[in-house]
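Let's walk through how to read a few features of a protein model. Have the structure open while you follow along.

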Amino acid sequence: MKKVSFFRSIHLKLVLVIVLLILISIQIIGVYFVKTLQTTLLDSFKISIQEKVNILSIYLEEQLVKERVVEKGDATLEDDIKRILSDNNSSDIKEIRVVDSNGIIVGTSDPENQHLVGQKMVDISVRRVLSNSSQPDNPIKQKNGEKIYELITPIKTNGDETVGAIYLVGKIENVYKQIDKINQIFQKGTIITLVVTAILGVLLARTITKPISDMQKHAFALSKGNFSRKVKVYGFDEIGQLAITFNNLTKKLQESQATTESERRKLSSVLAYMTDGVIATDRRGRIILINEPAAKMLDVSRETVLSEPIINLLDLKEKYTFEELLEERESVILDYSTHYEPYILRANFSVIQKETGFVNGLITVLHDITEQEKIDMERKEFVANVSHELRTPLTTMRSYVEALYDGAWKDEELAPKFLNVTQNETERMIRLVNDLLQLSKLDSRDYQLNKELVDFIVFYNRIIDRFELTKQQNVIFLRKLPKKAAFVEIDEDKLTQVLDNIISNALKYSPEGGKITFSIKEQEQQIIVSVSDNGVGIPKENIDKIFDRFYRVDKARTRKLGGTGLGLAIAKEMVEAHGGRIWASSKEGKGTKISFTLPYIQSEEDDWG
Ligand code: ADP
């Protein structure tokens, strides 16, 4: 988990909010307080100055209108004014000047400006006051870096005659200094309050952020799959309630995760052990799951096909779009057969849909139906073959019987010939039906062999003798058989038929004057019985097929030779029923060798011997 830096933390934000709120509050209070205080102080300063000036103007008016005879010892106007000014001077007044109605300075309270007495006051405002005009607008002025309060008041007699004016400079700077001091006190107070608030804020914010950060750590652990942790509940406020809910949620999540996990395991073992292939896609048709049988059927690796489009994987691109597959209700046959090997799969599709109809994905179930199809095809082929094989002799017979019926029976020469053909065809049909019955018996499950321990050399010789005696062609028989007896457990009737089929084939396909070699090879656990001829041989590509039912290399010729196409198929079934194997080796035009094995235990011979 990435740790939240202090500068981004909610803790700092809370502290900042508290501190800022306090700061704003103090500032609003401060500004209002200082402004009000300033107005009050300035007003009271002005009132006090005005009151002093009013009193002063009464005294000065008296002196200015007074008739004085200096010779009689009356004090001069300047002296009287000087006295009055020094009596009325105060700390908040910097200077008071008195001018007569002509604008001449008759006195000043400032000892340093005494030389101005007798001079004319040049200030325009003073002159305006003397001529009964208004007071200047802004009495507060800046002089030599200090703020001063300039008040010019006319001195009037009872008859409202202006006899002079008072020009007063008040020390208003003091008031401002006082306000500055209060401001400083206020600032210091603000800093102390903010520091205390910040400390308290840190502690208070911790009570909120601690449970939140606990929950954050818990949520992180949850995301990693750790359900064992529990959030500490600090109290029963909203955050406490949240923590309790969080713990309940964790429990529920743990339970549902356990259920999901067991479901997932169940599903994956079902998928792994089922023989059908299963492929799941997302809603866009990309593969999200493929089980091992499906991967094997399609010969792909599970990892590489994930997220590949299913229509590519199933090679359906040309026939279907994914949307069409979603609509497909019938099974789709996927034919991957090659020239050499049939391979057919059946695919069934099922759409995963929400109740609203929203498609979540597609499940495809693959089933290998190659064997089924093969059996089906073989069955069809077999029925077609049987019908064909039966129809040929029947058609021949019908035409001969028709000819006889139409009068040929009267012909002494033709009639026996026709009857002979009919008899041959009937025999061929009987042979065919017998062979079919044999095969059907071999196919049935309750088929049993009557095995006996037989010396195979004696048994083999007996059969060859029979063929040698009855053969009609000029074919030489050559026996390459061991002198010693070789005992094997066999069903004599069945093996007689196997050898009959093989030897009669060898005779059938041997040329006049040909040679048939009979041999037996003893091995540790089996004997190999072979019959080889130097007849027409079998082309290489047909060699394995000659053991199939109804298979003939040259159909027309074999039929003429009286074959049913079932002889070797029957031989194969019988040899395999004995636990042996049968095969052919041949060179076209040179000859054919048919061999089969029979299980054999050499020691038995000793016991019998
Ligand atoms: P059939 O009754 O037609 O001989 P088989 O099942 O015995 O039927 O033999 C199948 C086919 O195998 C024959 O039609 C023939 O083409 C071929 N075949 C069998 N044995 C030989 C052989 N010794 N030489 C050449 N071809 C043979």
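**Reading the model**

A: Asn501 sits in helix 13 (residues 492-509); helices here are DSSP runs of H or I with at least four residues, strands are E runs of at least two, and both are numbered from the N terminus. This is a predicted model, where local features need pLDDT of at least 70, side-chain atom pairs count only at pLDDT 80 or more, and totals for chains, interfaces and linings use all residues. Residues are numbered from 1 along each chain as its sequence is written, and side-chain values use heavy atoms, leaving out hydrogens and water.

Q: Is Asn501 buried or exposed?

A: Buried means under 20% relative accessible area, exposed over 50%, and partly exposed in between (1.4 Å probe, protein chains only). Asn501 has 16%, so it's buried. Asn501 and Ala571 are 70 residues apart in sequence, yet 7.1 Å apart in space, C-alpha to C-alpha.

Q: And what does Leu203 count as?

A: Leu203 belongs to helix 4 (residues 173-223). Leu203 counts as exposed because its relative accessibility is 51%.

Q: Where is Asp548, and how does its accessibility read?

A: Look in the loop between strand 15 (526-533) and helix 14 (555-560) for Asp548. Its relative accessibility is 40%, so Asp548 counts as partly exposed.

Q: How far apart do the C-alpha centres of domain 2 and domain 5 lie?

A: Domain bounds come from an automatic or database domain assignment. That assignment gives, among them, domain 2 (228-272) and domain 5 (447-597). The C-alpha centres of domain 2 and domain 5 are 76 Å apart.
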